[in-house]
Amino acid sequence: MITLLDLYHVLTAVVPLYVAMILAYGSVKWWKIFSPDQCSGINRFVALFAVPLLSFHFISTNNPYKMNYKFIAADSLQKTIVLIVLAIWSRFSSRGSLEWSITLFSLSTLPNTLVMGIPLLKGMYGDSSGTLMVQIVVLQCIIWYTLMLFLFEYRGARLLIVEQFPDTAGSIISFKVDSDVLSLDGKEPLQTEAEVGEDGKLHVTVRKSTSSRSEIFSRRSHGPNSGVSLTPRPSNLTNAEIYSLQSSRNPTPRGSSFNHSDFYSMVNGRNISGVSPRQSNFGNLGYDEEGGGNVSRTNNGYPGPPNNGIFSPVTGSKKKGNGGDGGKDLHMFVWSSSASPVSEGGIHVFRGGDYGNELGGVASHHKDYDEFGHDEFSFRNRTVTDGVDKEGPVLSKLGSSSTTELHPKNSEGESRPTSMPPTSVMTRLILIMVWRKLIRNPNTYSSLIGLTWSLISFRWNVVMPAIVAGSISILSNAGLGMAMFSLGLFMALQPRIIACGNSVASFAMAVRFLTGPAVMAVASIVVGLRGVLLHIAIVQAALPQGIVPFVFAKEYNVHPDILSTGVIFGMLIALPITLVYYILLGL
């Protein structure tokens, strides 16, 4: 039976976390103490030092030789069950999609274990439960977050291939990715070049398009009468033009400021104002009788197909946001390799002014937030107002900021299957990109080094030198409070706490606080957990949404509004919900 003293101990452990969060919220929202630039600096410190060292502290002091394998098995089984069900749903259901599978997996299985779970469960069930939470943190950092990266890069690779090689993807036998390409998330301006091997197969090179753009601007600087041919930069595949994207720091799908009139003016010797969107004309190659080689055929020379999906040029006015200072960023306290106007390497969580509301393919206006949840939501496509389906890749509804489906539609509106390169080729490409992301993430190093040290210290009773331990603890001790403070700053600079609409938020909260614990209860019973261990497993599954999945969602632009609501609103209602679970399980 739960006593009032037990509840007091729980509140003693958790309320200080909310105090730090509320103070941060008030310092920006009410008292105007911090500007968005200053918030970015605070979050940058937390991302690079406080949270990684906090993770290292917990992992390095946990005995890996006394892990509860049944508890770990229950947690792994829960995630495996959800992953299998979502994979089947995505593969065989007409309403399934890869984007929603990723989002639902995050919502149902990846709670905020490090920041909220350890202090909350310690207050409820004692120090032994904190040890169990550390074991979950190790698995999340090393296995499940890596799997999330794999899924996001797989999606990015598919989008790139579908757009670049709609008819010839099955002929690709190798990808070479330049060392400066860090991700396929759509933010880096990329270009592809392909060569046909002796076997008739394609060998593709992916690189940043800065060299291509500088080449175009260099030609522009010669003037119209310089004698330099202002033609699109050709790839190595017999004059098949490969175009590059504009550089964009917005967390929006790949877009371009280039339009057809710009290209015609460039060809005619006038100034150009941007760079064209990437195009690949494989499948439209014809034979040049005079030159004896293959040449690309397009309509009237340039423009490519009228429907370029998310890669088509978009025009629109820029609006000022209503939250924070215009044009400033706030970075969530998890490391990202994306660039930022405020601090390089941070992830864009909040954008005001021209950043937050700039249309870049399918980015939404602030007014769109008011429309979310007012209609019936769907996991698939939505028809436009005249009843005709949108051409090309279509957006999912449900408050989605996901870029596109992976099965584009043809002119008749029917799904057109797109061939993919062999599995081994895709796997190698994705592993390369995931590895590059992991080696730039300080949390990866903190987890691996912490696990390595714990294996050594508990095996041979090696004590960390006091000078090293003191250097780490002075920052790791501040990690928990700074993490919650950072969350409060993030909340204060959001235009809306419920960014995705009420109906979508209700659905997300049901998945987070009902479906996740229910599946965990089934998995725990299957592996034989009983008593207090069963209670701990269920309560930790009912923790609020993890922050790292939201950062990934924002970086790859897959339902970031839903994950943002899961983090913010989930933190607000997490305490009463976990207390309800704690009381019901203790009856």
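Trp31 counts as partly exposed because its relative accessibility is 48%, where buried means under 20% relative accessible area, exposed over 50%, and partly exposed in between (1.4 Å probe, protein chains only). Trp31 sits in the loop between helix 1 (4-29) and helix 2 (36-60); helices (H or I, at least four residues) and strands (E, at least two) are DSSP runs, numbered from the N terminus. The model is predicted, with pLDDT of at least 70 needed for local features and 80 or more for side-chain atom pairs, while totals for chains, interfaces and linings use all residues. Residues are numbered from 1 along each chain as its sequence is written, and side-chain values use heavy atoms, leaving out hydrogens and water.

Stepping back, the protein chain has 17 helices and seven strands. Of its 587 residues, 54% count as buried.

Now let's look inside. The structure holds nine cavities of 30 Å³ or more. Here a cavity is a set of points, on a 1 Å grid over the protein atoms alone, where a 1.4 Å probe fits but cannot get out, and lining residues have an atom within 4 Å of a point. Grid points are joined across faces, edges and corners, and a volume is the space filled by probe spheres set on the points. The second largest cavity has a volume of about 340 Å³. Among the 24 residues that line it, Leu114, Cys141, Tyr145, Asn443 and Val548 are the closest to its centre. Helix 6 gives the largest share of this lining, six residues.

Methods:
1 Å grid on protein atoms, 1.4 Å probe; cavity = no way out; pocket = protein on both sides within 12 Å on 5 of 7 lines; lining within 4 Å.
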